[in-house]
Amino acid sequence: MIDIIDLRKKFGNLEVLKGITNTIHEGEKVAIIGPSGSGKSTFLRCLNCLEDPTSGQIIFEGVNIADMKVDINIHRRHIGMVFQQFNLFNNKTVIDNIMLAPLHIRLSDLRNKKIKNFFIKLRNVFTSNKKPLYEINTTKAQIQEEVRANAMRLLKRIGLEDKANAFPSTLSGGQKQRIAIIRALAMNPKVMLFDEPTSALDPEMVGEVLDLIKQLADEGMTMVIVTHEMGFAREVATRVLFMDEGLIVEENTPEEIFNNPRNPRTKEFLSKVL
Amino acid sequence: MGNFDKKIEIFWKMFYEYNGYTKVLTGLQNTLYIATVGLAIGIVIGTIIAIIAVIPKYKRLPRILDSICKFYVGLFRGTPVVVQLLVFYYVIFPLLGVKMPSVNVCVLVFGLNSGAYVSEIMRSGIMSVDPGQLEAARAVGLSFGVSMMKVVVPQAVKNILPTLGNEFIALIKETSVVSFVGAADLYVAFNYIGTNSYEFMVPYLVMALIYIVLVMAIALLVKIMERSLRKSDRHN
């Protein structure tokens, strides 16, 4: 699903990623672990080009999205991302947070179609070979209705439908992060990226967020998770990547990595955190 | 001060019986019109410049746009607004062959002038918004422009509202120079009353009073707006 080929990223003179090659298959749950400063987060952020790679390719569904000429916004719709700091839009209510992107994208699609149809109609007046119009079978109100219904369905799923009209500043960290997750889900992504989703949470709220991620995993969502929760990585992941100094040092199934690490650096790291 | 009553009487006569108040009302209307529309133009220009300033500069186009904006800001912050008024009214528009009422010239010049200031205010506002907000908006597939307009700028405006209020107050007071190009503002109205009655003290005091009342009203308005925008941080 995502092919990463010789991915490199430099910040000034500092080379953070030193040539990563890997493939993330559909349905896989990949956990990325490693010491801080090893480039885990940068790697994850390169996968949806929040950081533009210095060189290398990221092939998502056959398209190299690391290419600057590609319209990255279209591909990002299919890649959900959840941040360490939640990053809910502070100026919008919970429901608007969830609705913003799907609503905007569908409405602007509708608008573009209408504009194109207008020009086709104009053209059809003057030429004999008539071009067909784009089909428009939804109205603005219908789209709004649908997007809202979907957002409410997702909110119900996490049991926060009563918070629909609250502002993010009134919510707890765990609630914010769960809303951030369903905000990403509202776009029906094909893959979800989690950037240390529980690191900014109070300990008692970690559980509710991990439970939701686990549910998604069980539903077959492809996901890439940067995490410090080794227990969670072990339980959910189908494959664990250990990164150090900008390289994937070791990758294996969670059982193998946690019980039987081969690389000395993996051993050292795990002995510190487990 | 013995004849202060007399002075007030003269002023009142000019103001009321000889229709001085119509001039004052036109003046007030022009002052408010120039300042309000000027600020609106300024906010639009300033927001555009500020967004251009924060676009990542990988490509050539944003870099060129940014240097044009920097030149514009340097030009309009580097010259007094009176000079800009005179240059536009007596040099640029005649050269272009454009005939425009002086009030509209003033609106344009004050808009361009405050655009230069608002751009810096807006830029500081945008930078005060957590970069994660932009990242989150980009990550769900919104373009840079849409993310800015729907997520970042509304939060930036909330942060800079007091400063924008300040800019509006400054603008209201700066409009007192529009008589240089023959636009009728408050100063022109009260000066008319003064010259016709040979009595300047009371008209000028009343003018000062009107400015103070205007500024206080704006300050109050800004406060009300701030309170309504702040509902997103209220804990309920």
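Biologist: How many helices and strands are there in chain A?
Modeller: Happy to start there, with the reminder that this is a predicted model. Along its principal axes, the C-alpha trace of chain A spans about 75 × 45 × 35 Å. Within chain A there are nine helices and 10 strands.

Biologist: How many residues of H5(A) are buried?
Modeller: The buried residues include A:Gly173 and A:Gly174, and also A:Leu185. Among them are two arginines as well, A:Arg178 and A:Arg183. H5(A) is mostly covered, and of its 13 residues the number buried is 12.

Biologist: Which element of chain B is included in what covers the buried residues of H5(A)?
Modeller: From chain A, the cover includes strands E6 (79-82) and E7 (191-195). Helices H3 (94-126), H4 (140-157) and H6 (203-218) of chain A are included too. Together with these, chain B brings in its helix H6 (131-139).

Biologist: On to the pockets: which helix gives the largest share of the lining of the largest pocket?
Modeller: This pocket has a volume of about 1100 Å³, and its lining has 34 residues, with A:Asp52, B:Pro56, B:Tyr58, B:Arg138 and B:Phe144 nearest the centre. At least two lining residues each come from helix H2 (72-76) of chain A and from helices H3 (60-78), H5 (102-128), H6 and H7 (144-174) of chain B. The largest share is four residues, and it comes from H6(B).

Biologist: How many residues in the lining of the largest pocket are charged?
Modeller: Aspartate and arginine count as charged, and one of each, A:Asp52 and B:Arg138, is among the residues nearest the centre. The lining also holds 20 nonpolar and two polar residues. The charged residues number 12.

Biologist: Which helix gives the most to the lining of the second largest pocket?
Modeller: The second largest pocket has a volume of about 300 Å³. Its lining has 16 residues, with B:Leu39, B:Ile43, B:Leu161, B:Leu164 and B:Met225 nearest the centre. Helices H2 (20-54), H7 and H9 (201-229) of chain B each supply at least two of the lining residues. With seven residues, the one that gives the most is H7(B).

Biologist: And how many charged residues are in the lining of the second largest pocket?
Modeller: Leucine, isoleucine and methionine count as nonpolar, and the five residues nearest the centre are B:Leu39, B:Ile43, B:Leu161, B:Leu164 and B:Met225. By class, the lining has 14 nonpolar and two polar residues, and the number of charged ones is no residues at all, or none.

Biologist: Is the salt-bridge partner A:Glu28 buried or exposed?
Modeller: A:Glu28 pairs with A:Arg239, with the closest N and O atoms 2.7 Å apart. This pair links distant parts of the chain, 211 residues apart: A:Glu28 is in the loop between strands E2 and E3, and A:Arg239 is in strand E9 of chain A. A:Arg239 counts as buried at 11% relative accessibility. A:Glu28 has 14%, and because the cut-off is under 20%, A:Glu28 counts as buried.

Biologist: What about A:Glu245, is that residue buried or exposed?
Modeller: A:Glu245 meets A:Arg265 in a salt bridge of 3.6 Å, N to O. The two are 20 residues apart, with A:Arg265 in helix H9 and A:Glu245 in the loop between E9 and strand E10 of chain A. A:Arg265 is partly exposed at 33%. A:Glu245 has a relative accessible area of 51%, and since the cut-off is over 50%, A:Glu245 is exposed.

Biologist: Finally, how many residues apart are B:Glu120 and B:Arg123?
Modeller: These two form a salt bridge, the closest N and O atoms being 3.2 Å apart. An α-helix has 3.6 residues a turn, so residues three or four places apart point the same way. B:Glu120 and B:Arg123 both lie in helix H5 of chain B, about one turn of the helix apart, a separation in residues of three.

Methods
Residues numbered from 1 in each chain as written. Chains lettered and ligands numbered in written order. Predicted model: local features only at pLDDT ≥ 70, side-chain atom pairs only at ≥ 80, totals over all residues. Heavy atoms only, no water. Buried < 20%, exposed > 50% of the residue type's maximum accessible area, 1.4 Å probe, protein only. Contact = heavy atoms within 4.5 Å. 1 Å grid on protein atoms, 1.4 Å probe; cavity = no way out; pocket = protein on both sides within 12 Å on 5 of 7 lines; lining within 4 Å. Points joined across faces, edges and corners; volume = space filled by probe spheres on them. Salt bridge = Lys/Arg side-chain N within 4 Å of Asp/Glu carboxyl O.
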